[in-house]
Amino acid sequence: MFPTRRSPYVAAHRTPLLALATAVAALAVTAAAPVRAAAPLPAVTPRAETPALHDDTAGGDADADDPAIWRDAADPDRSLVIATAKQGGLRVYDLDAREVQSLPAPAAPGPDDAPGRFNNVDLVHSARLSDLAVTSDRGSDRLRVYRIDRDRAGGPLTDVTDPKAPRIFSASQDEVNEQRTAYGLATWTDPRSGRSFAIVSRRERTRLAVLELTARADGTVGYTKVRTLDLPAGFRLPNGTSWTPCNEPGELPQIEGMVVDPATGTLYAGQEDIGIWRLRADLTGKPQLVDKVKEFGVPGTYDETTEECVAGADPGYGGTRLTADVEGLTLVTEKDGDGLLLASSQGDDTFAAYDREIDDDNEYEGGFRITPASATLDGSEECDGAAALNEPLGRRYPNGLLVVQDGHDAPGDPDRPSTNFKFVDLGKVTSAIDD
């Protein structure tokens, strides 16, 4: 059995980050100079939630992770949310958050091999390729591609992946089984050429790859690698020291949450322990760090006995808005080029909003929390993926929709890991930030 997000292996991976954040907070509390408490962030509440997924054998090893929103232009009320459930495959929901389709991840090719594991999903709207849902399959180190047809009798998604689709980062099945494979994902269609691309990150590494999506003669969709880019793993600090975030031995600071601004071809990539990068979606040019996590620059030593990082003194080079990990990134676009970049600050259960416009250097605009709407409809904690669509979606969401993953669905079953997705009126979010 390969590790899931809540397995002892991944818990050990996450624990150093939590320990590091706790230590940094303690240092701040004991500082000699008094610090004025920041004003609490505004709260918004969800309108609906999807059924809980359970990352255990009885639940099909399903774990909610990343959503995408597909708009039915002919009938916006029939729009869909397409979301990954890791080893549980894909789920498709209507705007009432009811499941309308479930697609399994591929089976393991051999008894000792990794099974399919869908990590992130994004959409392609292209005259060349039609409407597609593209997902990163961490289990096989490939992309899987699904055509979207709302009126299809068997369900809106059909698998159209080229059976000859190559591995993205691994040279062999043995390398795939090490699971340093396809992880984060963002898609983009170049408005000038009409060509569509997927940008994919590699788990436990800093590498990004850009792949061109191509229609095959048999109706399937394949891809070819265009180029790769490695983001930094270490940094030179103003005090002259070198720093890399503390992780388990052999792991580098990975990237997962990504989104491309289609108007400018700009990729925003969340390096979980570092911050948010801005770079060209074709992976050329020099990346720029838009914002840093609070833990940036804090030294840590990994303790093999406790499987935790022991934090040193905070040199004060971190940001003030993001608590590691930086996770789901999504855009709230406006037709005049204005809008917002939203980021999940997973470590403190908040979301940060930045100006979409590069001319304004993606300045910080505010933040918010997603809190419970009732005793049975909770908010979002430890949010992984997020997706926003600033277009009217019928009578339920005339002001647009924000969908976020909830890493701890409540009240849920206390004896089972429970995750799901929350549906939030996007108008509530933008109003909260504007206020």
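## Burial criterion and residue D261

A residue is described here as buried when its relative accessible area is under 20%, as exposed when that area is over 50%, and as partly exposed in between. The model to which this criterion is applied is predicted. D261 has a relative accessible area of 2% and therefore counts as buried.

D261 is part of strand β18. Beyond its neighbours within four places in sequence, D261 is in contact with W188, T266, Y268, L331 and R356. A further spatial relation involves V332: this residue is 71 residues from D261 along the chain, yet the two C-alpha atoms are separated by 9.7 Å.

## Nonpolar core

The largest nonpolar core comprises 36 residues, and L267 and I276 have the most contacts inside it. Strand β18, covering residues 255-261, contributes the largest share of this core, namely four residues.

The surroundings of L267 can be listed in detail. With residues up to four places away in sequence not counted, L267 touches A186, I199 and L208, then M258, V259 and V260, and finally W277, R278, L279, R280, A281 and L283.

## Largest pocket

The largest pocket holds about 1,000 Å³ of space. It is lined by 41 residues, of which D122, H125, P262, A388 and L389 are the closest to its centre. By class, this lining consists of 21 nonpolar, 10 polar and 10 charged residues.

Several strands take part in the lining of the largest pocket. At least two residues each are supplied by β4 (67-70), β8 (118-126), β12 (182-189), β18, β24 (326-333) and β28 (386-389).

## Helix α3 and its N-terminal start

Helix α3 spans residues 426-434, and its buried residues are L426, G427, V429, A432 and I433. At the start of α3, a side-chain oxygen of D425 comes to within 2.8 Å of the backbone nitrogen of G427.

L426 belongs to helix α3 and, because its relative accessibility is 0%, counts as buried. Not counting residues up to four places away in sequence, L426 touches V332, A388, L389, N390, N399, G400, L401 and L402. Two of these contacts, A388 and L389, are also listed among the residues closest to the centre of the largest pocket.

## Buried charged residues in loops

R396 is located in the loop between β28 and β29 (401-406). With a relative accessibility of 15%, below the 20% limit, R396 counts as buried. Its side chain forms a polar contact of 2.9 Å with the side chain of D96, and a polar atom of the R396 side chain lies 3.2 Å from the backbone oxygen of D77. Leaving out residues up to four places away in sequence, R396 touches R47, D77, L95 and D96.

E272 occupies the loop between β19 (266-271) and β20 (275-280). E272 is buried, since its relative accessible area is 3%. Apart from residues up to four places away in sequence, E272 touches Y183, Q254, E256, V293, A324, D325, V326 and E327.

## Backbone geometry

Two cis peptide bonds can be described. One runs from A324 to D325, with omega near 10°; D325 is placed in the loop between β23 (308-311) and β24. Both A324 and D325 are among the residues touched by E272. The other cis bond joins A410 to P411, with omega near 5°, and P411 is found in the loop between β29 and β30 (418-425).

For S130, a residue other than glycine, phi is near 65°. S130 is placed in strand β9, residues 130-137, and counts as partly exposed because its relative accessibility is 29%. D141, likewise not a glycine, has a phi of about 60°. D141 is placed in the loop between β9 and β10 (142-148) and counts as buried, since its relative accessibility is 0%.

Key
Residues are numbered from 1 along each chain as its sequence is written. This is a predicted model: local features need pLDDT of at least 70, side-chain atom pairs count only at pLDDT 80 or more; totals for chains, interfaces and linings use all residues. Side-chain values use heavy atoms; hydrogens and water are left out. A nonpolar core is a set of buried Ala, Val, Leu, Ile, Met, Phe, Trp, Tyr and Cys residues joined through side-chain atoms within 4.5 Å. Buried means under 20% relative accessible area, exposed over 50%, partly exposed in between (1.4 Å probe, protein chains only). Contact means heavy atoms within 4.5 Å. A polar contact is a pair of N or O atoms within 3.5 Å; within protein, one must be able to donate a hydrogen and the other to accept it, and residues adjacent in sequence count only if both atoms are side-chain atoms. On a 1 Å grid over the protein atoms alone, a cavity is a set of points where a 1.4 Å probe fits but cannot get out, and a pocket is an open set with protein on both sides within 12 Å along at least five of seven lines; lining residues have an atom within 4 Å of a point. Grid points are joined across faces, edges and corners, and a volume is the space filled by probe spheres set on the points. Ala, Val, Leu, Ile, Met, Phe, Trp, Tyr, Cys and Pro count as nonpolar, Asp, Glu, Lys and Arg as charged, and the others, Gly among them, as polar.
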